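Reader: I am new to reading protein models. Could you walk me through some features, one at a time?

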Amino acid sequence: MTTAFKGPLIVYGQRPPRGTAGSENPRLGPSIFWGGIGFIDSRWGYNRTVPGAFGWYGSNLLLDVVPSTLSAVNIAAAQVPVAATALTLVSATGSGVTVLAAAQGVATAGNIAIIPSGALALDGVGGFVGFGSADPTNSSWQDIKFYDPTKSVARNVRITSAGNDSGATFTVAGYDIYGVAMSETITGANATVASGKKAFKYVVSVTPAGTLSGANASVGTGDVYGFSLSVALFPYVDIFWNNALITSPTGFVVPDATSPATATTGDVRGTYAVQSASDGSKRLTVYYAPNLAAISAGSTGLVGVTQA
């Protein structure tokens, strides 16, 4: 049975009346909870639209994954781009990309986002770890849902140009790990790689514009990884890459607080660029302890400004 009530909750081991000595609770001790505790997602109203209370596990483990190998072509193979015409994305699952065979419902803030069929999920489809059941006849109705850190990879998108596409842009449209629609406009490069700043979980389209070289361009995943909570400062986060604790802020980028966000602003929750290429064997683990200012700021402090 799940019990829900309003807080804050204060538990006393003992509290003698002021001015008195001794203990009225000789058996006081620490409180323990089966399964630990969680940190609720304040964007959700309990049982609103989607049953259950969503949040992050109490240790605030945001990521525990082995990202797929860095690739220049796993989103869109090399092709000659045409302005205002979306590139042809890959149509088969592989190389760290899952092609959705059917529309996928993703729980977002108080609603359900429908990710269309054909969309590409980077490093697997997102998901939850659920506990409890409000309806014994329906096991999918679970009262508590923690965001699964093994399925929460979101990473940047890169455009590789064979010619000079510096006069062109490529607009990536998709969704973040919470199913919130987002887009990014990336300026092309001159016979090299142009890297996006935002972390995508799902990619729906990549559309070029401007002056294109007429040579091939391809689209792939980068090694810039997004945080699922807004990380304001490097000391607030513990990052392990390839079994080593990261002690330098090199590669760490704070959240872009520009409001409203645009297609050219940075990631709303911040990112980290690993300092050696992903190869399908290196593990990325991220722990985060939200600071009090972020908690008091509500959903904006925790998950950043609204995506654009």
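Reader: In what sense do E9 and strand E10 pair, and over how many bridges?

Author: Strands of a sheet pair through backbone hydrogen bonds, either parallel or antiparallel. Now the case here, in a predicted model. E9 and E10 (residues 144–147) pair in the antiparallel sense, over four bridges. Look across the pairing: Val129 stands opposite Phe146 in E10.

Reader: In what order do the four strands of the open sheet stand?

Author: The order is E1-E2-E10-E9, and the pairing is mixed. Strand E1 (38–40) and strand E9 (128–131) stand at the edges. Each has a single partner strand, so one side of each is left without a neighbour in the sheet. From one strand to the next, the twist averages 40 degrees.

Reader: Which strand does E3 join, and how many bridges are there?

Author: E3 is joined to strand E21 (residues 284–288) by four bridges. The two run antiparallel. Val65 stands opposite Leu284 in E21.

Reader: Is strand E3 mostly covered or mostly open?

Author: Strand E3 (residues 61–65) is mostly covered. Four of its five residues are buried.

Reader: Let us move to aromatic rings. How do I describe a pair?

Author: A pair of aromatic rings is described by the distance of the centres and the angle of the planes. A search of the whole structure finds 13 aromatic pairs. Take Trp34 and Phe131 as one of them. Their ring centres are 6.3 Å apart and their planes stand at 80 degrees, so the pair is edge-to-face. The cut-off for that label is over 60 degrees.

Reader: Where do Trp34 and Phe131 lie?

Author: Trp34 lies in the segment before E1, and Phe131 lies in strand E9. The pair therefore ties together parts that are 97 residues apart in sequence.

Reader: Is Trp34 buried or exposed?

Author: Trp34 has 78% relative accessibility, so Trp34 counts as exposed. Phe131 has 34%, so Phe131 counts as partly exposed.

Reader: What kind of aromatic pair do Phe131 and Phe146 form?

Author: Phe131 and Phe146 form an edge-to-face pair. The figures are 6.0 Å centre to centre and 70 degrees between the planes. Phe131 lies in strand E9 and Phe146 in strand E10, so this pair ties together parts 15 residues apart in sequence. Phe146 is buried, with a relative accessible area of 12%.

Reader: Which residues do ring pairs link into a cluster?

Author: The cluster holds Phe39, Phe54, Trp56, Phe128, Tyr147 and Tyr178.

Reader: Now charges. What is the general idea?

Author: Side chains of opposite charge can pair when their charged atoms come close. The count here comes to four salt bridges. One of them joins Asp123 and Arg155, with the closest N and O atoms 2.8 Å apart. This pair links distant parts of the chain. Asp123 is in the loop between strand E8 (120–122) and E9, and Arg155 is in strand E11 (residues 155–161), 32 residues apart.

Reader: Why does Arg155 count as buried?

Author: Its relative accessibility is 0%, and buried means under 20%. Asp223, at 10%, counts as buried too. Asp123 is also buried.

Reader: How far apart are the closest N and O atoms of Asp176 and Arg269?

Author: They are 2.9 Å apart, and the two residues form a salt bridge. Asp176 lies in the loop between strand E12 (168–175) and strand E13 (181–187). Arg269 lies in the loop between strand E19 (252–253) and strand E20 (271–273). The pair therefore ties together parts that are 93 residues apart in sequence. Asp176 and Arg269 are both buried.

Reader: Last, the surface. Which residues make the nonpolar patch of about 350 Å²?

Author: Phe5, Leu9 and Val11 make that patch. Leu9 is found in the segment before E1. At 58% relative accessibility, Leu9 counts as exposed.

Terms used
Residues numbered from 1 in each chain as written. Heavy atoms only, no water. Pairing = 2+ DSSP bridges. Axes fitted to C-alpha atoms, helices over the stretch in contact; angles between N-to-C directions. Patch = residues over 30% accessible without salt bridge, like charges linked within 9 Å, V, L, I, M, F, W, Y side chains within 5 Å. Areas by Shrake-Rupley, 256 points an atom, 1.4 Å probe, with all protein chains shown as cover. Salt bridge = Lys/Arg side-chain N within 4 Å of Asp/Glu carboxyl O. Buried < 20%, exposed > 50% of the residue type's maximum accessible area, 1.4 Å probe, protein only. Phe/Tyr/Trp six-rings, centres within 6.5 Å; stacked < 30°, edge-to-face > 60°.
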